[in-house]
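Good morning, colleagues. Please look at the structure that I am about to show.

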Amino acid sequence: MKTQKRIYLDNNATTKVDDRVIKHMTTFFRNDYAVASSQFSHTPGIKAKNAVSEARHIISQKINSKTDEIIFTSGATEANNLAIKGTAAANKDPKRKKIIISRIEDFSVLNSAKNLERSGYTVQQVNVDNEGFVDMEHLRSLVDEKTLLVSIIYGNHEIGTIQDIKAISKITSEKGALLHSNAAAVFMQKPIDISDEGIDLLSISSHKIHGPKGVGALFVKKETPVKKILDGGFQEFDLRPGTENVPGIAGFGKAVEIFSREDLDTVSGLRALLYKQMRAKIKGIKLNGPEDFSRRIPNNLNLSFDYVEGESIVLHLDMRGIAVITGSACFSRALQASHILMALGFTHERAHSSIRFSLSKYLKETDINYSVKNTKEVVDKLRELSPLKKVEIKHKEGGLS
Ligand SMILES: *Cc1c(COP(=O)(O)O)cnc(C)c1O
């Protein structure tokens with residue numbers, strides 16, 4: 001039997017680990033497997049410590065921070081928890097009891113903020129426009145002297161929207177509020193300069209950029225009041241206890257080091273091609289997220305297909321070897337419209353008919369062609385069967401629509 005083609009278009013969820021990253025990590029499983037905090041006791045410990053320091057250096061350079069402002073965690077989820085719960089734990093000002101987030105946050109931010117309601121915090125959500133950009137006027141009206149922290153997702157993993165974080169930080173800093181941004185989906189796909197952009201806390205993740213899963217980091221600007229949220233030892237500048245994930249951290253550093261401009265250009269070229277072909281070949285498509293691709297994560301495309309359930313498209317495409325998702329990844333089992341698409345003011349129909357195509361450097365033009373051809377076949381077939389479409393046509397014939 002012919003092996004089936006496999007085209008992975010779910011790279012906003014996770015990515016394939018680059019072979020060079022795997023090779024680099026192997027050393028820290030096989031040879032230099034000591035604990036980094038044993039650097040004062042023996043040579044193997046020094047080697048482990050050096051690997052962690054090197055990764056810290058590489059990552060800090062990418063965001064223009066100091067090395068000791070990078071705190072390694074188990075991923076962006078933990079970094080988001082630490083940023084939000086950690087600033088609340090360190091908060092000494094009883095008047096600052098408000099957290100502001102956007103309506104399109106990842107659950108790790110949304111639920112961390114909600115968690116603080118139990119400790120007397122108020123959580124407010126800032127609106128976004130129909131492309132997912134933060135409503136600046138609304139933000140300005142919410143941020144005040146009672147605001148401890150504002151947390152806004154930098155690049156949205158579902159619809160690709162990249163916020164103007166610098167403009168947001170102007171608003172937050174005026175009122176003395178801290179600014180956290182979850183950059184897991186956009187780190188390395190867009191240059192980030194924490195000092196120019198006025199960011200106090202920034203979450204990043206390794207497995208979105210061809211690094212290993214289970215490792216990420218929180219940038220914490222010097223002097224920012226943050227307390228650790230786990231009890232344990234004094235690792236990671238006393239902000240994140242536990243034995244350092246040396247192979248993971250080293251792999252994260254390597255993934256950042258080898259991430260190239262050329263690969264990024266390849267990906268955004270393929271994304272443009274995918275969109276162009278989809279529009280040329282399939283009618284009744286709506287783009288979800290920014291029209292202006294320069295304000296969108298380069299590997300993200302999100303489309304709604306009129307009259308068809310995203311869930312059905314996903315299942316049919318999977319049978320043809322193509323991996324995509326509908327709505328939010330966490331929701332795709334529950335058939336509930338994603339809160340992100342609903343925040344843009346879409347109808348349930350549009351949200352439920354959405355498909356996210358997220359690309360990587362491992363794809364070829366032929367993969368794009370194959371994906372478009374199959375999406376067209378699947379959508380055509382489903383539309384023939386669609387009760388929604390029949391109703392619409394009847395309306396048209398009867399002059400009702
Ligand atoms: C992937 C992702 C996360 C989760 O990151 P982990 O490292 O898997 O915990 C959070 N937020 C966004 C925007 C993401 O893309």
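This is a predicted model: local features need pLDDT of at least 70, side-chain atom pairs count only at pLDDT 80 or more; totals for chains, interfaces and linings use all residues.

Residues are numbered from 1 along each chain as its sequence is written, and side-chain values use heavy atoms, with hydrogens and water left out.

Which residues surround the ligand? Among them are Gly75, Thr77, Asp106, His157, Ser205 and Lys208. The shell comprises four nonpolar, six polar and two charged residues; Asp, Glu, Lys and Arg count as charged, Ala, Val, Leu, Ile, Met, Phe, Trp, Tyr, Cys and Pro as nonpolar, and the others, Gly among them, as polar.

For Lys208, a side-chain N or O atom is 2.5 Å from a ligand oxygen. Of the 380 Å² of accessible area that the ligand has on its own (Shrake-Rupley method, 1.4 Å probe), the protein covers 86%.

I turn now to the loops. His210 sits between β7 (201-205) and β8 (216-220) and has a positive phi of about 70°, although it is not a glycine. Is His210 buried or exposed? With a relative accessible area of 7%, His210 is buried, a term meaning under 20%, with exposed over 50% and partly exposed in between.

Tyr307, in the loop between β10 (300-305) and α11 (310-319), also has a positive phi of about 70° without being a glycine. Tyr307 is partly exposed, at 25% relative accessibility.

Notes: A residue is near a molecule or strand if one of its heavy atoms lies within 4 Å of it. A polar contact is a pair of N or O atoms within 3.5 Å; within protein, one must be able to donate a hydrogen and the other to accept it, and residues adjacent in sequence count only if both atoms are side-chain atoms. Helices (H or I, at least four residues) and strands (E, at least two) are DSSP runs, numbered from the N terminus. Buried means under 20% relative accessible area, exposed over 50%, partly exposed in between (1.4 Å probe, protein chains only).
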